[in-house]
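Colleague: Before I use these terms in my own notes, I would like to know what stands behind each of them. Can we go through them one by one?

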Amino acid sequence: MQHLIILSLILPLLGGLLMLLPPINVSRVRQRNFALALSAAAILISALLLQQAQQGVIGVYALGDWAAPFGIVLVADRLSTLMLMLTSVLAFCSLLYTFGPRNEDGSFFQPLLQFQILGINGAFMTGDLFNLFVFFEILLIASYGLLMFGGGKTRTRAGLHYVILNLAGSAIFLFALGILYGTLGTLNIADLAQKVQHLDPGEAPLVRAGGLMLLIVFGLKAAMLPLQFWLPAAYAASTPAVAALFAIMTKVGIYAILRVFTVIFGDAAGPLSHIAGAWLWPLGLMTILIGAIGVLASQDLRRLIANLIIVSVGTLLAVIALERENATAAALYYLLHSTLISAGLFLLADLIARQRGKVGDRLVPGRGLGQNRLLGALFFIGAIAVIGMPPLAGFVGKALMLSAASSVAEMSWLWPLVLGSSLVALITLSRAGSTLFWNLSGKPAEIVRANPVQLLAVVILLAMPLLLSVFAGPVTGMMAATAQQLHDVQGQIGSVLQPVTQMVEVK
Amino acid sequence: MEALYAFCVGVLTASGVFLLLRGRTFPVVVGLTLLSYGVNLFLFATGRLNVSDAAVLGAGSNHSDPLPQALVLTAIVIGFAMTAFVVILAMRARGDLGNDHVDGRVPEIVLDSEERN
């Protein structure tokens, strides 16, 4: 059963490759069905891994059986398996959406989707920083292809910015890795966490610089304030299934921030502990603000949702900056919710745009929708969830995050911004909803009905906030355990480096 | 040797960053390439600079750190692929957008100065 960990990477890799070969690549339908089978298997594997990790054991898979600091390890702890599960569910729903009519998917679309999943899964599972870089590059190069799918001016322009920014980010990532390796002599996350505790004080500023350069790179992926300008254009330009899958991409950055700055530069790091908090806190809060301004200024539905993602990223970063267990747990709960709901809204926006004909998803009065009531109801549920109104999970998540702020200084910054951004979202989404569904200039020219499979994908994603709030008790318990395991740095070092410490003792 | 090496890395990086901030796609691509050269040299130096050390364990008393070499090799391969991609993308953008500016439109200031000339 230990090979399940590597299976989560091999499955999309080999599956994606097989899709390029004759028996499957002859027809799109075959590719899609094969991809759906792969995706269902991925959900099964993630569920098994998640269930194993929930027993509190950290699964460590040494590639090539090279022990931890010398070889590359994959780590399946509570957090990484949780993110794996989230990716699998999201990928399944995006894939379902490609079953609809009029999709601009060529024969390379499905393989690219699998390679994207490979990169995301790898980034979540790896226990080595250089390996994280490699998986980042895999997910990026797949995302470049996916983003540009279908072509067109807006996509090319958004794609060019996205690619150049991320290439510059990769260069900074390598500089940071070089500094960390040059000073600490290792790139294994657990080993780094151990070595940073016994660091020569003279080298501390260098390591600090390396660590903060990593923050820039992860901030670029997560769309943190000065680095978030690429996101609305890129997400609004991509095809709906891709935009839905991209909802997890910002979370890869947030995951990396959480992993590196809790484990390596966490409580135990001596003079270098909590180096990111001082930057994350103001930048996260400012990200909320700029996201809220973007939400108010959005002229079309997809750009509006992309800006809502920026708001949620800012909220998550600000809460993570508190660097406490209960704050991390609250952030994780909200992360699950915000990823699923923004993906669902992207798909829903496409369904709405198709039924509105020429006006598309622009927020102007149009001719009405073929299924006004159905999509209107779905939009209402999605809006309630993303704003964070009871009874859905957004409310629970936001309430948990607000209560994680303990001191007056924290409350006086976090509360107004989070609540204010919710109000802005409420106003903008009410305005958008009334324009889309009520401010009609006539009957639709032709009745377009939503494809049932696509509708199913949207319904699954929009049902998740409901499930998360119905099972809020067990889920928050799970998040608390996850946060506790993440903050237990010694425990992680112990389980990842265990075989080697034994070897040293024998010596 | 260390000073010369550091100087080279610094100059490559500085030129890379300068070119990266230009408005047209060609200098940006060249800038990315220079930046990746600088990064590769930098990574190479993280194993410390040693002259005539053995590359293989057991072949001599001093041996060089093999890990940075492996890292650089990976970084070069990835950087090469990414550069190829961005070159094709820049050409595609030139075709799709009708000009080679990164924002897809010619800034007005540039137009003015061209008209004056």
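Modeller: A residue is called buried if 20 or more other C-beta atoms lie within 10 Å of its own. By that cut-off, buried residues make up 27% of the 117 residues in chain B. Keep in mind that this is a predicted model.

Colleague: What share of the 507 residues in chain A is buried?

Modeller: In chain A, buried residues come to 59% of the 507.

Colleague: What makes A:Gly59 count as buried?

Modeller: The cut-off for buried is 20 or more neighbours. A:Gly59 has 20 C-beta neighbours inside 10 Å, and therefore counts as buried. A:Gly59 sits in strand β1 (residues 59–62) of chain A. Leaving aside residues up to four places away in sequence, A:Gly59 touches A:Gln2, A:Ile5, A:Gln52, A:Ala53 and A:Ala76. A:Val396, 337 residues from A:Gly59 in sequence, is 30 Å away from it, C-alpha to C-alpha.

Colleague: Why is A:Ile6 called partly exposed?

Modeller: Exposed needs 12 or fewer neighbours and buried needs 20 or more, with partly exposed in between. A:Ile6 has 14 C-beta neighbours inside 10 Å, so it counts as partly exposed. The residue belongs to helix α1 (residues 4–18) of chain A. Apart from residues up to four places away in sequence, A:Ile6 touches A:Tyr61 and A:Leu74. A:Val75 is 69 residues from A:Ile6 in sequence, and their C-alpha atoms are 9.9 Å apart.

Colleague: How do you know that chain A is as compact as a globular protein of its length?

Modeller: The globule rule is 2.2 Å times the number of residues to the power 0.38. For 507 residues the rule gives 23 Å, and chain A has a radius of gyration of 22 Å, which is close to that value, so chain A is as compact as a globular protein of that length. Its C-alpha trace spans about 80 × 60 × 40 Å along the principal axes. The secondary structure of chain A consists of 21 helices and two strands.

Colleague: What percentage of the contacts between residues at least 6 apart in sequence joins residues at least 24 apart in chain B, and what percentage in chain A?

Modeller: For chain B the figure is 49%. For chain A it is 79%.

Colleague: Why are α1(B) and α2(B) called roughly antiparallel?

Modeller: Helix α1 (residues 2–20) and helix α2 (residues 25–45) of chain B pack at about 155 degrees, their axes being 7 Å apart. Angles over 145 degrees count as roughly antiparallel, and α1(B) and α2(B) are therefore described that way. Their crossing is left-handed. Residues that meet there include B:Tyr5, B:Leu12 and B:Phe18 in α1(B) and B:Val28, B:Leu35 and B:Phe42 in α2(B). By class, the contact of α1(B) with α2(B) has 18 nonpolar, five polar and no charged residues.

Colleague: What makes α6(A) roughly parallel to α3(B)?

Modeller: The axes of α6(A) and helix α3 (residues 66–97) of chain B cross at roughly 15 degrees and come within 12 Å. Angles under 35 degrees count as roughly parallel, so α6(A) is roughly parallel to α3(B). This crossing of α6(A) and α3(B) is left-handed. Among the residues making the contact are A:Phe130, A:Glu137 and A:Tyr144 of α6(A), with B:Leu71, B:Ile78 and B:Phe85 of α3(B). The contact of α6(A) with α3(B) divides into eight nonpolar, one polar and one charged residues.

Colleague: How many residues does the contact take from chain A and from chain B?

Modeller: Chain A gives 20 residues and chain B gives 25. On the side of chain A that touches chain B, the elements giving two or more residues are α6 (129–147) and α7 (153–184) of chain A. The most come from α7(A), with 15 residues. By class, that side of chain A has 13 nonpolar, four polar and three charged residues.

Conventions:
Residues numbered from 1 in each chain as written. Chains lettered and ligands numbered in written order. Predicted model: local features only at pLDDT ≥ 70, side-chain atom pairs only at ≥ 80, totals over all residues. Contact = placed C-beta atoms within 7 Å. Helix = DSSP H or I, 4+ residues; strand = E, 2+ residues; numbered from the N terminus. Nonpolar A, V, L, I, M, F, W, Y, C, P; charged D, E, K, R; others polar. Axes fitted to C-alpha atoms, helices over the stretch in contact; angles between N-to-C directions. Parallel < 35°, antiparallel > 145°, perpendicular 65-115°, else oblique. Left-handed = near helix turned anticlockwise from the far one by under 90°.
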